Amino acid sequence: QGEIPLAVEELVVYPDKSRSVVSFMGQQMYDIRDGQTGWKPSQMGGVEAKTEKDIMKEDRERGRDFIWVLQHADDPSLDAVFVGPGKADGVEVHIVAILDDKSEEIARFAFGAENHQVVSISYWGETFIGDGMVTDHVNSMMTASGLTLPKAVQKELNGQTFGKVDVTEVTINPEVPENAFAKPE
């Protein structure tokens, strides 16, 4: 039906605090996590408390965030398994699966065989258009405070594009406002 541009501002304090504000047609939708509590958009407008199931789902999804994965390389509840060589987006890659403490796959990371940068991340997931195999294709990278991070990502569900992410700015270790993870008013 065409593209719908959304502006998203996100603040992440690892390991378990995040604030995402999506601006759409003059409205703002909040998704906030402060450890074991949080708030999500309500169907009635505003926000409602996240459930225990929401928190557990987000904890699992962190295993798809390569900054979090690299920070937790020594975490005994995670395992990185070399799957083998392959091709992703026309590039020779090395594929690594991230497994949880039950040996269930969280995600597969495809790293460029030559430059070792993330080419794609794939996982079984839930999206606003349905469930299935999600692949995040990293189309370009950027550097922020010495870290190489994805700048442009194309998102696919079962091989069909459903979104694009274009990062305009990344600030590493910014000053975090005192009430950043409080329930929005």
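Ile 4, Leu 6 and Val 8 make a nonpolar surface patch of about 300 Å². Patch residues have over 30% relative accessible area and no salt bridge, with nonpolar side chains joined within 5 Å. Val 8 lies in strand E1 (residues 7-13) and counts as exposed at 51% relative accessibility. Exposed means over 50% relative accessible area, buried under 20%, and partly exposed in between (1.4 Å probe, protein chains only).

The model is predicted: local features need pLDDT of at least 70, side-chain atom pairs count only at pLDDT 80 or more, and totals for chains, interfaces and linings use all residues. Residues are numbered from 1 along each chain, and side-chain values use heavy atoms, without hydrogens or water.

The count of salt bridges is 15. A salt bridge puts a side-chain nitrogen of Lys or Arg within 4 Å of a carboxyl oxygen of Asp or Glu.

| Pair | N to O distance |
|---|---|
| Asp 34 and Lys 17 | 3.7 Å |
| Glu 105 and Arg 108 | 3.1 Å |
| Asp 100 and Arg 60 | 2.7 Å |

Asp 100 counts as buried at 13% relative accessibility. Arg 60 is partly exposed at 30%.

Helix H1 (residues 52-61) gives the largest share of the lining, 5 residues.

Key
Helix = DSSP H or I, 4+ residues; strand = E, 2+ residues; numbered from the N terminus. Patch = residues over 30% accessible without salt bridge, like charges linked within 9 Å, V, L, I, M, F, W, Y side chains within 5 Å. Areas by Shrake-Rupley, 256 points an atom, 1.4 Å probe, with all protein chains shown as cover.
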